[in-house]
Amino acid sequence: MKIGILTFHCAHNYGAVIQCYGLQLYLRTLGHEVCVIDYRPKYHDIYKIPEITISNSPNLWSYLKGKIREFIIGNIEKTRFNAFEDFIHRELKLAPYIDECDYSDYDAIILGSDQIWNPDITGGNYDKEYFGSNAKCTVISYAASCRSSYLTERHKSFFRLHLPKIHSISVRETSLMKLLQPLTSQPIKTVIDPSFLLDISDYEKLCKPVKCKRPYVLVYEVERHTETSRIAKEIAQSLDADIIELVSCAAFKYLGKKIDQIAGPIEFLSYIKDATCVVTSSFHGLALSLKFQKDFYSIKQGTNADLRAESLLTKIGLLERFVPLSGSVAFSTIDYSKASTNLANEISSSKDFLLNSLKNVIAT
C-alpha cells in the first residue's frame, strides 16, 4: 500500500521530526511504501535561516545591529539548521508537495501527529491540508493534536464540516477527544504519540556518544523558565551531576552559558539516552524520556501546553512526576514496572487503530 504522511516534518523542532520519523518507520515495518509529503507552508518560514539585508531593515543602525548579530551567532544558526535539514533529508523519504493535490495516486494519507490542528501554529486558522480536504484516497488522522481546552463556535463549525472527510479519526489527548466527539457521529480514539511506536533499538541505532565525562541532568524547554533551571539545579546538586541544557532556537542571550544551541535531532536523542535525569516542559522531551526509561520530571507550566503531558502521564500512572514551576523537587528514581505495562497497553491499542484503519483501506 502507498501511504503519504502529512505532518510538521519540516519544523526545526526535535519532537516534530522525531514523531514523523517514528510513524514513517513503523508503517514501513508493516510492509507499506511510505513517504512524507514535503508540505512547507508559509507559517513554517520561521525555521529558515534569517537573512538580514538593507532592504528589510528600517534604518542603518538596525542593519548594523543585525550584521553584528549575524556575525556572532550566524554560524550557530547555520549549524543547527543544517543538523535538522540533514536529518529530514536523510531519514525521511520526502515526496514533492503539489498545490491542490488530490492524492489520488496514494492509497491512504495519514494526518499527524503533532499539533496540526492548532490554529495558533498554523497561521491563525486551521490548515485544510491537515484535514485531507482535497484527498480522493482514504484519509486517517493519527494522534492529531490541538493545544486547546475549549473550542469557539466558529471552530466547532469548522470541525463539523471537515471531520466527516476523515475516514478514521484519532487524536493524542483525551481533552481533545472530548471536545471533538460531540461534533461528529464517527468514533474518535485517543492514541499514543508515534514516537512510541518504535522499539528502543531503533533510536539507539541513531544515537552517538555524548561528550560529557560526568553524570548530567538534561534540561530542555521550548519556552525557557527560570524556575525550571532552579529545579534542575536542585536535582543536579543531589546527584552530584552537571547540567546540560538544550534550547529550541539559537539566540545571542545564550552565549557564555552551558547551553547547547547547535544540537540536532540525533544529539537530542543521544542526550536523553545518556542522561541521569531529564527535566523538561516539552511533550516530546517527556515522551523520549519515557521511551528510554529515564528518571525525569515534567514541568507543569499552568497553561494549555500542560494538557498533552497530563493526559499521557495520567494514562500510564506517573502523574506524580508532573511538578509545578513553583515547586521543589526531592529527587527519587522511577519504578517503571507498572508504568511500562500501562505504556505497552497504550502502544498496543494505538497500533491496533492503525492496523484496523489500514485494513479498511484494503477492504475498500
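This is a predicted model: local features need pLDDT of at least 70, side-chain atom pairs count only at pLDDT 80 or more; totals for chains, interfaces and linings use all residues.
Me: Why does Arg-40 count as partly exposed?
Reply: Arg-40 has 35% relative accessibility. Buried means under 20% relative accessible area, exposed means over 50%, and partly exposed is what lies in between (1.4 Å probe, protein chains only). The 35% of Arg-40 falls in between, so partly exposed is the label.

Me: What makes Arg-40 and Glu-85 a salt bridge?
Reply: Their closest N and O atoms are 3.6 Å apart. A salt bridge is a side-chain nitrogen of Lys or Arg within 4 Å of a carboxyl oxygen of Asp or Glu, so this pair gets the name. Arg-40 sits in the loop between strand E2 (33-38) and H2, and Glu-85 is in helix H2, so the pair ties together parts that are 45 residues apart in sequence. Helices here (H or I, at least four residues) and strands (E, at least two) are DSSP runs, numbered from the N terminus. Glu-85 itself is buried, since its relative accessible area is 13%. Asp-38 joins in too: Asp-38, Arg-40 and Glu-85 are linked in a network of salt bridges.

Me: How many salt bridges does the structure hold?
Reply: It holds 15. Side chains of opposite charge can pair when their charged atoms come close. Including the one above, here are some from the set. Arg-90 bridges to Asp-86, with the closest N and O atoms 2.1 Å apart. Both lie in helix H2, four residues apart, which is about one turn of the helix. Arg-90 is partly exposed at 44%, and Asp-86 is partly exposed at 42%.

Me: What makes Glu-234 and Arg-230 a salt bridge?
Reply: The N to O distance is 3.1 Å. Glu-234 and Arg-230 are both in helix H6 (residues 226-239), four residues apart, about one turn of the helix. With 24% relative accessible area, Glu-234 is partly exposed, and so is Arg-230 with 31%.

Me: Which residues is Glu-234 in contact with, leaving aside its neighbours within four places in sequence?
Reply: Ser-328 and Val-329. Contact means heavy atoms within 4.5 Å. The C-alpha atoms of Glu-234 and Val-329 are separated by 7.2 Å, although the two are 95 residues apart along the chain.

Me: How do you know that Ser-145 is buried?
Reply: Its relative accessible area is 0%, so it falls in the buried class. Ser-145 is in the loop between strand E5 (138-141) and helix H3 (153-162).

Me: What makes the pair Ser-145 and Glu-173 a polar contact?
Reply: Their side chains come to 2.9 Å. A polar contact is a pair of N or O atoms within 3.5 Å; within protein, one must be able to donate a hydrogen and the other to accept it, and residues adjacent in sequence count only if both atoms are side-chain atoms. Ser-145 also has a polar contact of 3.3 Å with the side chain of Arg-172.

Me: Why is helix H8 called mostly covered?
Reply: Nine of the nine residues of H8 (residues 283-291) are buried. Among them are Phe-283, Leu-288 and Lys-291. Just after H8, Gln-293 takes a positive phi of about 55 degrees. Helix H7 (residues 265-274) is also mostly covered, with seven of its 10 residues buried.

Me: Which residues touch the most other members of the largest nonpolar core?
Reply: Tyr-142, Leu-218, Leu-288, Leu-290, Phe-296 and Leu-318, in a core of 65 residues. A nonpolar core is a set of buried Ala, Val, Leu, Ile, Met, Phe, Trp, Tyr and Cys residues joined through side-chain atoms within 4.5 Å. A second, separate core has 35 residues, including Ala-95 and Phe-159.

Methods:
Residues are numbered from 1 along each chain as its sequence is written. Side-chain values use heavy atoms; hydrogens and water are left out.
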